[in-house]
Amino acid sequence: MTLRLFNTLGRSIEKFEPIERRRVRMYTCGPTVYGPAHVGNFRSFVFADLVRRYLEWSGYDVTWVMNITDVDDRIIRIAKEQGISIEELTERHADGFREDLRRLRVTPPDRMPRATEHIPDMVALIETLLDRGHAYRTEDGSIFFRIQSWPAYGRLASLEPEQMRVGERVEADDYGKDDVRDFALWKAAKAGEPSWTTAIGEGRPGWHIECSAMSMRYLGHSFDLHTGGVDLIFPHHEDEIAQSEAATGERFVRTWLHCAHLQLGGQKMARREGNIERPADVYQRGYTPRVLRYALMRTHYRAPLEYTDETLVHAAREVERIDTALAALDAYRNEAAGDPSVPALLEGCRERFKSGLDDDLNVSDALAGVFELVRELNRRVSDRSLSTTDARAAAASIRELDRVLAVAQEDESALPEPATRLLEERVAARAARDWATSDRLRDELLGYGVVVEDTRDGQRWRRAVEVAGG
RNA sequence: GGCGACGUACCCAAGUGGUUAAGGGGGAGGUCUGCAAAACCUCUAUUCACCGGUUCGAAUCCGGUCGUCGCCUCCA
């Protein structure tokens, strides 16, 4: 069984075969840093991270590039409104974005190029498009891509250019294009807007060109995977394909992956709809980042996900179940002969996990296998049929799968010092059968986000999933 | 108007032609336990939005209907 993925280009599930045997090059359209990103945005970034982690887990070397868009209309407008420089605004939100990724345990991309640092690459690309007759200049000095020059336009989105509903949402002025469907590669300088002096004139880049320039700069003219939300299919990704392939004459991206939207109140979560929630809001409500990560990841990426109060509650319960099982296995001691059924149990779970994820990243199926394993192991912990070695192997096996999921609690080295001390004091109190002290310490530990449970193997603890800071 | 996605129990959610429709949550009952928590056991969909059709056999394939959502020029 090998990995099969749904390619938006062609709308079918295909066997995944990277251009190079053991190496995968992937690109993700990153944020426009005009403000903090919302939970819906993070669905697509967590999804991209799942792809990256799963590929690495499967043995590939992955080069992952995610851009940061740090110049565009909204950035210019908001910086103006707030009376700060564009650099100050974008720096602040780019930092915030990186911090959000870190907390959500998104593997740091190998590169996070910024648009403003790649103007020469974009200019070179636009020059080529001008030379080849795919782009033209308007009176004010702006440059547009000529859609009519590219017959394959509309293939990704499966839209016929002739049937597009032109005119409804196109701004009337729009720099005097030849055809309303043509899109901007370069916007001529305007008073009060940032601009660069370049070989193609004074101005700033359009949105789409930056992704073509930066992806090809770091990944080559042809690379394996490109991810984003479904809302980027058209026009953003369609335009990327047109301008990239028209410039290089080579296939741009092999496989396009798009995740469905996160919905709130029956509608796509979007700033424009006014129904957004940010990671910080989630943490404020007492859920840990890994619960949010899990919530965004636990359903299939191509299915719309309705975000409700229950979404996080369910996620917290499931994460907790995995944590509890790991804590129980870690605390387990039984110097006895091993349970001969354990290796097959662990291997069976791993196989199911892999076959689930190989099937277009069917996380639900993979997780069902993990939960079945958890139940089997809990049963064996209860009846004490495991040896200490079995328990170690089982915990290691679950943590091995968690290299993909990245939701389990981290080891105890991360515990705050006072909590470690309280745990020790509580062990002593229990040894003295001082229940009053034992119960008081249990409450105090909860204040540190540590849940304590008593078993025949003694006290064991795990991190609460609903207290901020996990 | 065009294109696309989705509709499985109280909730979330797998399953896409063939034994009893995964898994988690919630609920009910039980076991264990200093208390608590966790865990374990039993129960909780004769049925897959609806209507037809194909087939020995359909949640799965085909046709139609209804409902929800998205995209159709700068939105993850």
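Reply: What follows describes the surface around the RNA, then a pair of strands, then the chain as a whole.

This is a predicted model, in which local features need pLDDT of at least 70, side-chain atom pairs count only at pLDDT 80 or more, and totals for chains, interfaces and linings use all residues. Residues are numbered from 1 along each chain as its sequence is written, chains are lettered from A and ligands numbered from 1 in the order in which they are written, and side-chain values use heavy atoms, with hydrogens and water left out.

RNA strand B is surrounded by 66 residues, the closest being Arg181, Gly229, Leu232, Lys268 and Arg379. A residue is near the strand if one of its heavy atoms lies within 4 Å of it. Sorted by class, these residues are 29 charged, 20 polar and 17 nonpolar. Here Asp, Glu, Lys and Arg are charged; Ala, Val, Leu, Ile, Met, Phe, Trp, Tyr, Cys and Pro are nonpolar; the others, Gly among them, are polar. Helix 11 (residues 363-382) gives the largest share of this surface, nine residues. Helices (H or I, at least four residues) and strands (E, at least two) are DSSP runs numbered from the N terminus.

On the RNA side, 63% of the atoms of RNA strand B within 4 Å of the protein belong to sugar or phosphate, and the rest to bases.

Some polar contacts (pairs of N or O atoms within 3.5 Å) can be named. An N or O atom in the side chain of Arg298 is 2.4 Å from a sugar or linking oxygen of RNA strand B.

Strand 16 (residues 458-463) is largely enclosed by the rest of the structure, because five of its six residues are buried. Buried means under 20% relative accessible area, exposed over 50%, and partly exposed in between (1.4 Å probe, protein chains only).

For the whole of chain A, 54% of the 470 residues are buried. The chain has 14 helices and 16 strands.

Notes: Polar contact = N/O pair within 3.5 Å; in protein donor to acceptor, adjacent residues only side chain to side chain.
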